[in-house]
Amino acid sequence: MDGALRAYEHWVTSYRRLWRASIVSSVLNPVLYLTALGVGLGKLVNHGPHPLGVSYVAFVAPGVLAATGMQIATNESSFPVMAALRWTRTYYAMLASPLRVRDILIGHQLYFASRVAVAATIYLAALAAFGTLHSGYAIFALPVTVLVGAAFSAPVAAFSAWAPKDAYLSALLRFGIVPMFLFSGTFFPVTRLPPGVREIAYATPLWHGVDLARHLTLGTATWGMSLVHVAYLVAFAGAGLVIAERSYRKRLVL
Amino acid sequence: MSTNDALIHARGLTKRFGGLTAVDGIDFDVSKGEAFGFLGPNGAGKSSTMRMIGCVSPVGGGTLRVLGLDPAADGPAIRGRLGVVPQLDNLDNELTVRENVIIYGRYFGLARRDLRQRADELLEFVQLSERANDPVEPLSGGMKRRLTIARSLVNDPDVLLLDEPTTGLDPQARHVVWDRLFRLKQQGVTLVLTTHYMDEAEQLCDRLVVMDHGKIAEEGSPAGLIQRLSTREVVELRFPGDAPVVESSAFNGRVARVEVLPDRVLLYTDDGDALAPIAHELLGAQSVLVRRSTLEDVFLRLTGRTLVD
């Protein structure tokens, strides 16, 4: 673990050079989303009977929170991982020291988790300001968002280390992440999806994250379903790490 | 030399990639304080050998001991005592020059407090003190290579591994790098380097092996190899088109050996000045040059090819 922390230190040190820009966007993004979706779109949706049982902004906010975890984690673990292997060759610099492949992998993953945690904290504060947190359990949406991030950053890092060229990463974002963002219950309940498609949505890690975060902020979480969600996300993160260590090793240790 | 006092000890060292045998059963020993070189053309197996010594590539066959330890069992411990200057720069471009040294030192578990002072000393040594707080990106190729060398010394390594240390640098920058490496050698740092530049090998190496097709063709000191495998001098004749085919017998015993290259004929002799006018008259070359034998000639003799195409 000591080795992983030393690798982590590298990424945090580099990040200090560009944190200002990213902090601005992590404050600005949720505020823009909540204003547009909650106040704008919500005005239309909230008309008539309340099918969701809560205001639209309260419904959509935890969804966007979980989806933000996915997006930050995916962005950070796609091109930057490929860069560290091929362009900047940062991983090779690390490997010339006592650090092991596993330290290099875990150190980078810890950094992704930190990025998600910082953004999620700001986001949750914004949600509180918008009055969309209906329960004290909402605080647990923070670790849940970090877990969503790990469920993406680990498999995406595995994919990015394996990918033969950078076009594969663009394809993953376009055909994997964007559809998931739109159809995994972030903006509307997946029960609205036609049968067949709905099952696909249930299988995505994002849906499990969205559903759990939503029940936590609305105070409707149950132990059973919450544990299922957590287990599903942990499984994604764990399998991702195992595969990522293999694909890292294949690239780094010839 | 016994196994015990060799810092690096290899017997039958082999590396295969699929069907390709990159390193084909080589033997060598590197002792403390020595500057040891692998000389050979691209693809000779030098970098593969370096990666195995650097414990980032598993040994494919044979025995390798680095600092008395087995890379397969003690890779991280060995790497902690090595310094590595890779062929391709992997500096942190978004960090400053000083931060590059400090963060690299952190990989070795060194304390930040000690590293600040260490970084200043090392940047002084590689003549980059004035750039300490500048970002890396705008530095010249020679400065980046010197920074990479400073970084590789952060853990006060027992052995410094340099893979093609001056490839891609202009002549002036190369000389600055050589000067620094020579200074390290004087301080008793053990250097192991690969190069396909014979002048680099002659300048820096106490002892070297000539590699070709994954095998070691010869071993010795630069001067010893030249003395053993070449003549004292070379008469080099240039031709505008194809060089004529000549036999050494045409020169009445004055020429020990002839090499015919596409545009040149090399005549190996002990007395170049005496031979040059005779050869010029006989062959009618465009230009004639008398020079001392170099490792390039040794390589040509061993492999029938030139080092740099």
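Select Phe38(B) first, then Val209(B): Phe38(B) stands opposite Val209(B), which belongs to E8(B). Keep in mind that this is a predicted model.

Now widen the selection to the two strands. Show residues 35-39 of chain B for strand E3 and residues 207-212 of chain B for strand E8. They run parallel, and four bridges join them. Strands of a sheet pair through backbone hydrogen bonds, either parallel or antiparallel.

Next, bring up the whole sheet in chain B. Six strands form an open sheet, in the order E5-E6-E7-E3-E8-E9. The pairing is mixed. Where are the edges? Look at strand E5 (82-85) and strand E9 (215-220) of chain B, each of which pairs on one side only. From one strand to the next, the twist averages 15°.

Move to chain A. Here you find eleven helices and zero strands. Chain A has a radius of gyration of 19 Å, close to the 18 Å that the globule rule gives for 254 residues, so it is as compact as a globular protein of that length. The C-alpha trace of chain A spans about 65 × 40 × 35 Å along its principal axes. Color by burial: 50% of the 254 residues of chain A count as buried.

Finish where the chains meet. Chain A brings 20 residues to the contact and chain B brings 24 residues. On chain A, select helix H1 (2-15) and helix H5 (90-95), the elements that give two or more residues to the side touching chain B. That side of chain A has nine nonpolar, six polar and five charged residues.

Notes
Residues are numbered from 1 along each chain as its sequence is written. Chains are lettered from A and ligands numbered from 1 in the order in which they are written. This is a predicted model: local features need pLDDT of at least 70, side-chain atom pairs count only at pLDDT 80 or more; totals for chains, interfaces and linings use all residues. Two residues are in contact if their C-beta atoms, placed from the backbone, lie within 7 Å. Ala, Val, Leu, Ile, Met, Phe, Trp, Tyr, Cys and Pro count as nonpolar, Asp, Glu, Lys and Arg as charged, and the others, Gly among them, as polar. The radius of gyration is taken over C-alpha atoms; the globule rule is 2.2 Å times the number of residues to the power 0.38. A residue is buried if 20 or more other C-beta atoms lie within 10 Å of its own, exposed if 12 or fewer, and partly exposed in between; C-beta atoms are placed from the backbone. Two strands pair if DSSP finds at least two bridges between them. Axes are lines fitted to C-alpha atoms, for helices over the stretch in contact, and angles run from 0 to 180 degrees between N-to-C directions.
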